[in-house]
Amino acid sequence: MNDRFVVVGAGTMGLGIAYVAAGAGHAVELVEVDPGRAAEAPVRLASLWDRAVQRGKLDADEAAANRERLVVRTSLAEVAAEPGVLVEAVPERLELKRAVLAVAATLRPALLGSNTSSISIGELAVGLPQPERFLGLHFFNPVWAMALLEVVVGPATAPETTDTAVTLARRLGKDPVVVRDLPGFATSRLGVALGLEAIRMVADGVASPADIDKAMVLGYRHPVGPLELTDMVGLDVRLDIARTLQTAYGDRFAPPPLLVEMVAEGRLGKKSGQGFYRWVDGVKQ
Ligand code: NAD
(Lines give C-alpha, C1' and ligand atoms only; values in the text may rest on other atoms or scores of the structure.)
Protein backbone atom coordinates (compact mmCIF):
# COMPACT_ATOMS: atom_id res chain seq x y z
CA MET A 1 0.00 0.00 0.00
CA ASN A 2 1.44 3.38 -0.96
CA ASP A 3 1.49 6.46 1.31
CA ARG A 4 -1.11 8.50 -0.60
CA PHE A 5 -4.07 9.18 1.68
CA VAL A 6 -7.22 10.81 0.26
CA VAL A 7 -9.89 12.33 2.53
CA VAL A 8 -13.23 13.42 1.03
CA GLY A 9 -15.01 16.24 2.89
CA ALA A 10 -13.20 18.96 4.83
CA GLY A 11 -15.73 19.40 7.63
CA THR A 12 -15.20 18.69 11.32
CA MET A 13 -14.04 15.12 10.71
CA GLY A 14 -12.30 15.38 7.34
CA LEU A 15 -10.02 18.12 8.68
CA GLY A 16 -9.20 16.02 11.72
CA ILE A 17 -8.45 12.90 9.66
CA ALA A 18 -6.24 14.93 7.31
CA TYR A 19 -4.41 16.39 10.34
CA VAL A 20 -3.65 12.95 11.78
CA ALA A 21 -2.76 11.34 8.43
CA ALA A 22 -0.30 14.12 7.51
CA GLY A 23 1.17 13.89 11.01
CA ALA A 24 1.77 10.16 10.46
CA GLY A 25 3.75 10.88 7.28
CA HIS A 26 1.10 10.31 4.61
CA ALA A 27 0.85 12.51 1.49
CA VAL A 28 -2.69 13.82 2.04
CA GLU A 29 -5.15 14.99 -0.58
CA LEU A 30 -8.20 16.64 1.01
CA VAL A 31 -11.18 16.89 -1.35
CA GLU A 32 -13.89 19.47 -0.58
CA VAL A 33 -16.65 20.57 -2.98
CA ASP A 34 -17.54 23.80 -1.16
CA PRO A 35 -15.06 26.40 -2.50
CA GLY A 36 -15.15 28.46 0.72
CA ARG A 37 -14.42 25.45 2.88
CA ALA A 38 -11.73 24.24 0.46
CA ALA A 39 -9.96 27.62 0.72
CA GLU A 40 -10.31 27.64 4.50
CA ALA A 41 -9.05 24.06 5.05
CA PRO A 42 -5.26 24.63 4.73
CA VAL A 43 -5.54 27.79 6.86
CA ARG A 44 -7.38 25.93 9.62
CA LEU A 45 -4.95 23.01 9.52
CA ALA A 46 -1.96 25.37 9.59
CA SER A 47 -3.38 27.10 12.65
CA LEU A 48 -3.89 23.73 14.37
CA TRP A 49 -0.26 22.80 13.67
CA ASP A 50 0.90 26.22 14.88
CA ARG A 51 -1.03 25.75 18.09
CA ALA A 52 0.57 22.31 18.58
CA VAL A 53 4.00 23.95 18.16
CA GLN A 54 3.14 26.70 20.67
CA ARG A 55 2.05 24.06 23.18
CA GLY A 56 5.32 22.16 22.71
CA LYS A 57 3.55 19.08 21.27
CA LEU A 58 5.19 19.34 17.85
CA ASP A 59 8.42 20.89 16.68
CA ALA A 60 8.34 23.61 14.04
CA ASP A 61 10.08 21.44 11.39
CA GLU A 62 7.48 18.69 11.80
CA ALA A 63 4.66 21.23 11.50
CA ALA A 64 6.21 22.59 8.30
CA ALA A 65 6.61 19.05 6.92
CA ASN A 66 2.96 18.27 7.72
CA ARG A 67 1.85 21.39 5.84
CA GLU A 68 3.97 20.34 2.85
CA ARG A 69 2.31 16.92 2.80
CA LEU A 70 -1.19 18.41 2.40
CA VAL A 71 -2.90 19.32 -0.88
CA VAL A 72 -6.52 20.51 -1.12
CA ARG A 73 -8.64 19.61 -4.17
CA THR A 74 -12.17 20.61 -5.10
CA SER A 75 -13.07 17.41 -6.95
CA LEU A 76 -12.19 13.71 -6.87
CA ALA A 77 -11.57 14.06 -10.63
CA GLU A 78 -8.29 15.84 -9.72
CA VAL A 79 -7.00 12.85 -7.71
CA ALA A 80 -4.66 10.34 -9.37
CA ALA A 81 -5.66 6.66 -9.40
CA GLU A 82 -4.63 3.99 -6.88
CA PRO A 83 -4.07 5.87 -3.63
CA GLY A 84 -3.17 3.75 -0.61
CA VAL A 85 -6.19 4.88 1.43
CA LEU A 86 -9.36 6.80 0.57
CA VAL A 87 -11.77 7.77 3.38
CA GLU A 88 -15.01 9.63 2.86
CA ALA A 89 -16.21 12.06 5.57
CA VAL A 90 -19.16 13.73 3.82
CA PRO A 91 -22.51 14.28 5.62
CA GLU A 92 -24.39 11.31 7.06
CA ARG A 93 -26.78 10.69 4.14
CA LEU A 94 -26.92 7.28 2.47
CA GLU A 95 -27.45 8.51 -1.11
CA LEU A 96 -24.74 11.20 -0.86
CA LYS A 97 -22.23 8.74 0.57
CA ARG A 98 -23.09 6.13 -2.07
CA ALA A 99 -22.57 8.72 -4.83
CA VAL A 100 -19.20 9.79 -3.39
CA LEU A 101 -18.08 6.17 -2.88
CA ALA A 102 -19.05 5.23 -6.45
CA VAL A 103 -16.68 7.91 -7.82
CA ALA A 104 -14.03 7.11 -5.18
CA ALA A 105 -14.07 3.41 -6.16
CA THR A 106 -13.15 4.28 -9.75
CA LEU A 107 -9.75 5.41 -8.34
CA ARG A 108 -9.19 1.83 -7.06
CA PRO A 109 -7.76 2.69 -3.62
CA ALA A 110 -6.05 -0.21 -1.81
CA LEU A 111 -8.30 0.56 1.17
CA LEU A 112 -11.66 2.34 0.84
CA GLY A 113 -13.22 3.58 4.08
CA SER A 114 -16.29 5.43 5.28
CA ASN A 115 -16.30 7.58 8.41
CA THR A 116 -20.04 6.96 8.81
CA SER A 117 -21.29 7.07 12.41
CA SER A 118 -24.34 4.91 11.88
CA ILE A 119 -25.07 3.79 8.31
CA SER A 120 -24.67 0.09 7.49
CA ILE A 121 -21.41 -0.67 5.67
CA GLY A 122 -23.27 -3.41 3.75
CA GLU A 123 -25.74 -0.83 2.42
CA LEU A 124 -22.97 1.60 1.51
CA ALA A 125 -21.15 -1.21 -0.33
CA VAL A 126 -24.07 -1.90 -2.69
CA GLY A 127 -22.84 -1.41 -6.27
CA LEU A 128 -19.15 -0.99 -5.37
CA PRO A 129 -16.87 -2.88 -7.80
CA GLN A 130 -14.53 -4.10 -5.02
CA PRO A 131 -16.59 -4.33 -1.81
CA GLU A 132 -13.91 -6.60 -0.34
CA ARG A 133 -11.65 -3.55 0.01
CA PHE A 134 -14.31 -1.44 1.74
CA LEU A 135 -15.05 -1.01 5.46
CA GLY A 136 -15.97 1.54 8.11
CA LEU A 137 -13.15 3.67 9.51
CA HIS A 138 -15.01 5.53 12.26
CA PHE A 139 -12.82 8.24 13.78
CA PHE A 140 -13.85 10.32 16.80
CA ASN A 141 -14.01 14.04 17.36
CA PRO A 142 -11.56 15.75 17.82
CA VAL A 143 -9.61 13.22 15.75
CA TRP A 144 -6.15 14.33 16.98
CA ALA A 145 -7.18 13.84 20.62
CA MET A 146 -9.34 10.72 20.53
CA ALA A 147 -7.56 7.36 20.69
CA LEU A 148 -10.36 5.18 19.33
CA LEU A 149 -10.78 4.04 15.74
CA GLU A 150 -13.83 1.83 15.23
CA VAL A 151 -13.16 -0.54 12.33
CA VAL A 152 -16.51 -1.74 10.97
CA VAL A 153 -16.43 -4.98 9.01
CA GLY A 154 -19.08 -5.22 6.30
CA PRO A 155 -20.52 -8.47 4.91
CA ALA A 156 -18.16 -8.38 1.90
CA THR A 157 -15.04 -6.96 3.62
CA ALA A 158 -12.04 -9.29 3.10
CA PRO A 159 -10.11 -10.36 6.25
CA GLU A 160 -6.91 -8.83 4.82
CA THR A 161 -8.73 -5.47 4.45
CA THR A 162 -9.59 -5.57 8.16
CA ASP A 163 -5.94 -6.43 8.96
CA THR A 164 -4.75 -3.50 6.82
CA ALA A 165 -7.17 -1.14 8.61
CA VAL A 166 -5.96 -2.28 12.04
CA THR A 167 -2.32 -1.72 10.97
CA LEU A 168 -3.27 1.70 9.56
CA ALA A 169 -5.03 2.62 12.82
CA ARG A 170 -1.86 1.93 14.80
CA ARG A 171 0.25 3.89 12.33
CA LEU A 172 -2.11 6.84 12.86
CA GLY A 173 -1.58 6.48 16.62
CA LYS A 174 -5.08 5.09 17.18
CA ASP A 175 -6.29 2.15 19.23
CA PRO A 176 -8.72 0.13 17.07
CA VAL A 177 -11.78 -1.96 17.93
CA VAL A 178 -13.18 -4.27 15.27
CA VAL A 179 -16.99 -4.38 15.25
CA ARG A 180 -19.83 -6.01 13.32
CA ASP A 181 -21.83 -4.04 10.82
CA LEU A 182 -25.03 -3.21 12.72
CA PRO A 183 -26.47 0.36 12.57
CA GLY A 184 -24.76 2.62 15.09
CA PHE A 185 -21.96 0.03 15.60
CA ALA A 186 -20.57 -0.14 19.15
CA THR A 187 -20.35 3.59 19.80
CA SER A 188 -23.02 5.78 18.16
CA ARG A 189 -25.89 3.52 19.21
CA LEU A 190 -25.08 4.04 22.89
CA GLY A 191 -23.70 7.59 22.68
CA VAL A 192 -26.64 8.94 20.69
CA ALA A 193 -29.17 7.20 22.99
CA LEU A 194 -27.68 9.17 25.90
CA GLY A 195 -27.56 12.43 23.93
CA LEU A 196 -31.20 12.18 22.79
CA GLU A 197 -32.41 11.44 26.32
CA ALA A 198 -30.45 14.44 27.65
CA ILE A 199 -32.18 16.66 25.05
CA ARG A 200 -35.60 15.31 26.11
CA MET A 201 -34.63 16.16 29.71
CA VAL A 202 -33.85 19.78 28.71
CA ALA A 203 -37.26 19.97 27.01
CA ASP A 204 -38.93 18.50 30.14
CA GLY A 205 -37.21 21.17 32.28
CA VAL A 206 -35.42 18.60 34.48
CA ALA A 207 -32.40 20.92 34.86
CA SER A 208 -30.30 23.35 32.82
CA PRO A 209 -28.01 21.89 30.13
CA ALA A 210 -25.02 22.78 32.31
CA ASP A 211 -26.46 20.93 35.32
CA ILE A 212 -27.47 17.86 33.29
CA ASP A 213 -23.91 17.72 31.95
CA LYS A 214 -22.41 18.32 35.39
CA ALA A 215 -24.51 15.46 36.80
CA MET A 216 -23.01 13.02 34.28
CA VAL A 217 -19.46 14.36 34.68
CA LEU A 218 -19.45 14.27 38.49
CA GLY A 219 -21.93 11.46 39.04
CA TYR A 220 -20.83 9.04 36.34
CA ARG A 221 -17.28 10.21 35.60
CA HIS A 222 -18.03 11.05 31.97
CA PRO A 223 -15.24 13.32 30.71
CA VAL A 224 -17.78 15.57 28.93
CA GLY A 225 -21.55 15.81 29.46
CA PRO A 226 -23.96 14.53 26.75
CA LEU A 227 -25.18 18.03 25.76
CA GLU A 228 -21.71 19.57 25.46
CA LEU A 229 -20.71 16.51 23.41
CA THR A 230 -23.76 17.04 21.18
CA ASP A 231 -22.60 20.65 20.64
CA MET A 232 -19.11 19.39 19.75
CA VAL A 233 -20.38 16.74 17.33
CA GLY A 234 -22.87 19.12 15.66
CA LEU A 235 -26.63 19.00 16.21
CA ASP A 236 -27.24 18.47 12.48
CA VAL A 237 -24.88 15.48 12.49
CA ARG A 238 -26.62 13.97 15.53
CA LEU A 239 -30.03 14.55 13.93
CA ASP A 240 -28.96 12.64 10.80
CA ILE A 241 -27.63 9.77 12.95
CA ALA A 242 -30.83 9.68 15.04
CA ARG A 243 -32.90 9.39 11.86
CA THR A 244 -30.74 6.52 10.58
CA LEU A 245 -31.06 4.72 13.92
CA GLN A 246 -34.83 5.40 14.05
CA THR A 247 -35.18 3.65 10.69
CA ALA A 248 -33.14 0.70 11.98
CA TYR A 249 -34.41 0.32 15.55
CA GLY A 250 -37.72 2.20 15.73
CA ASP A 251 -39.01 5.15 17.68
CA ARG A 252 -36.72 4.80 20.65
CA PHE A 253 -34.28 6.76 18.44
CA ALA A 254 -36.90 9.29 17.21
CA PRO A 255 -35.23 12.72 17.27
CA PRO A 256 -36.71 14.94 20.03
CA PRO A 257 -38.66 17.96 18.67
CA LEU A 258 -36.21 20.32 20.44
CA LEU A 259 -33.31 18.89 18.40
CA VAL A 260 -35.25 19.24 15.12
CA GLU A 261 -36.18 22.82 16.05
CA MET A 262 -32.62 23.85 16.97
CA VAL A 263 -31.23 22.46 13.71
CA ALA A 264 -33.95 24.26 11.69
CA GLU A 265 -32.92 27.51 13.43
CA GLY A 266 -29.23 26.95 12.63
CA ARG A 267 -28.24 26.33 16.27
CA LEU A 268 -25.79 23.55 15.35
CA GLY A 269 -23.45 23.76 18.36
CA LYS A 270 -19.74 24.62 18.37
CA LYS A 271 -19.47 25.07 14.60
CA SER A 272 -22.28 27.67 14.43
CA GLY A 273 -21.40 29.40 17.73
CA GLN A 274 -24.67 28.42 19.43
CA GLY A 275 -26.16 25.11 20.56
CA PHE A 276 -26.93 24.10 24.13
CA TYR A 277 -24.02 26.44 24.94
CA ARG A 278 -22.57 29.55 23.32
CA TRP A 279 -19.17 29.08 21.62
CA VAL A 280 -16.70 31.79 20.64
CA ASP A 281 -13.66 30.81 18.52
CA GLY A 282 -14.30 27.16 19.36
CA VAL A 283 -14.32 27.81 23.12
CA LYS A 284 -17.39 27.16 25.27
CA GLN A 285 -18.52 30.32 27.10
P1 NAD B 1 -19.52 18.31 8.25
O2 NAD B 1 -20.86 18.73 7.81
O3 NAD B 1 -18.75 19.13 9.25
O4 NAD B 1 -18.54 18.13 6.97
C5 NAD B 1 -18.90 17.47 5.79
C6 NAD B 1 -18.13 18.11 4.64
O7 NAD B 1 -18.32 17.35 3.45
C8 NAD B 1 -18.60 19.55 4.31
O9 NAD B 1 -17.47 20.41 4.31
C10 NAD B 1 -19.22 19.42 2.92
O11 NAD B 1 -19.09 20.59 2.14
C12 NAD B 1 -18.40 18.27 2.36
N13 NAD B 1 -19.01 17.59 1.22
C14 NAD B 1 -20.30 17.34 0.95
N15 NAD B 1 -20.44 16.67 -0.20
C16 NAD B 1 -19.18 16.48 -0.69
C17 NAD B 1 -18.66 15.85 -1.86
N18 NAD B 1 -19.47 15.29 -2.76
N19 NAD B 1 -17.31 15.85 -2.04
C20 NAD B 1 -16.48 16.46 -1.14
N21 NAD B 1 -16.93 17.08 -0.01
C22 NAD B 1 -18.26 17.07 0.21
O23 NAD B 1 -19.69 16.82 8.77
P24 NAD B 1 -18.77 16.01 9.83
O25 NAD B 1 -19.21 16.33 11.22
O26 NAD B 1 -17.33 16.16 9.45
O27 NAD B 1 -19.26 14.51 9.53
C28 NAD B 1 -18.82 13.80 8.39
C29 NAD B 1 -19.06 12.32 8.62
O30 NAD B 1 -18.36 11.90 9.80
C31 NAD B 1 -20.53 11.94 8.82
O32 NAD B 1 -20.75 10.68 8.27
C33 NAD B 1 -20.65 11.88 10.34
O34 NAD B 1 -21.69 11.04 10.78
C35 NAD B 1 -19.27 11.29 10.70
N36 NAD B 1 -18.79 11.56 12.06
C37 NAD B 1 -18.97 12.79 12.63
C38 NAD B 1 -18.47 13.01 13.91
C39 NAD B 1 -18.60 14.37 14.57
O40 NAD B 1 -18.32 14.46 15.79
N41 NAD B 1 -18.96 15.43 13.86
C42 NAD B 1 -17.80 11.99 14.60
C43 NAD B 1 -17.61 10.77 13.97
C44 NAD B 1 -18.11 10.55 12.70
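Tutor: Start with a term: a polar contact is a pair of N or O atoms within 3.5 Å; within protein, one must be able to donate a hydrogen and the other to accept it, and residues adjacent in sequence count only if both atoms are side-chain atoms. The model is predicted: local features need pLDDT of at least 70, side-chain atom pairs count only at pLDDT 80 or more, and totals for chains, interfaces and linings use all residues. Residues are numbered from 1 along each chain as its sequence is written, and side-chain values use heavy atoms, with hydrogens and water left out.

Now the contacts. A polar backbone atom of threonine 12 sits 3.1 Å from an oxygen atom of the ligand. Serine 117 brings a polar side-chain atom to 2.7 Å from a ligand oxygen. For asparagine 141, a polar side-chain atom is 3.1 Å from an oxygen atom of the ligand. On its own the ligand has 830 Å² of accessible area (Shrake-Rupley method, 1.4 Å probe), and the protein covers 89% of that.

Next, the shell. There are 26 residues around the ligand, each with a heavy atom within 4 Å of it. Glu32, Arg37, Glu92, Lys97 and Ser117 come nearest. By class, the shell has twelve nonpolar, eight polar and six charged residues; Gly counts as polar, and the charged class is Asp, Glu, Lys and Arg. At least two shell residues come from each of α1 (12-23), α4 (94-105) and β6 (134-139). These are DSSP runs: helices (H or I) have at least four residues and strands (E) at least two.

Finally, the place. The ligand shell takes residues from both domain 1 (4-180) and domain 2 (187-275), so the ligand lies between them. Those bounds come from an automatic or database domain assignment.
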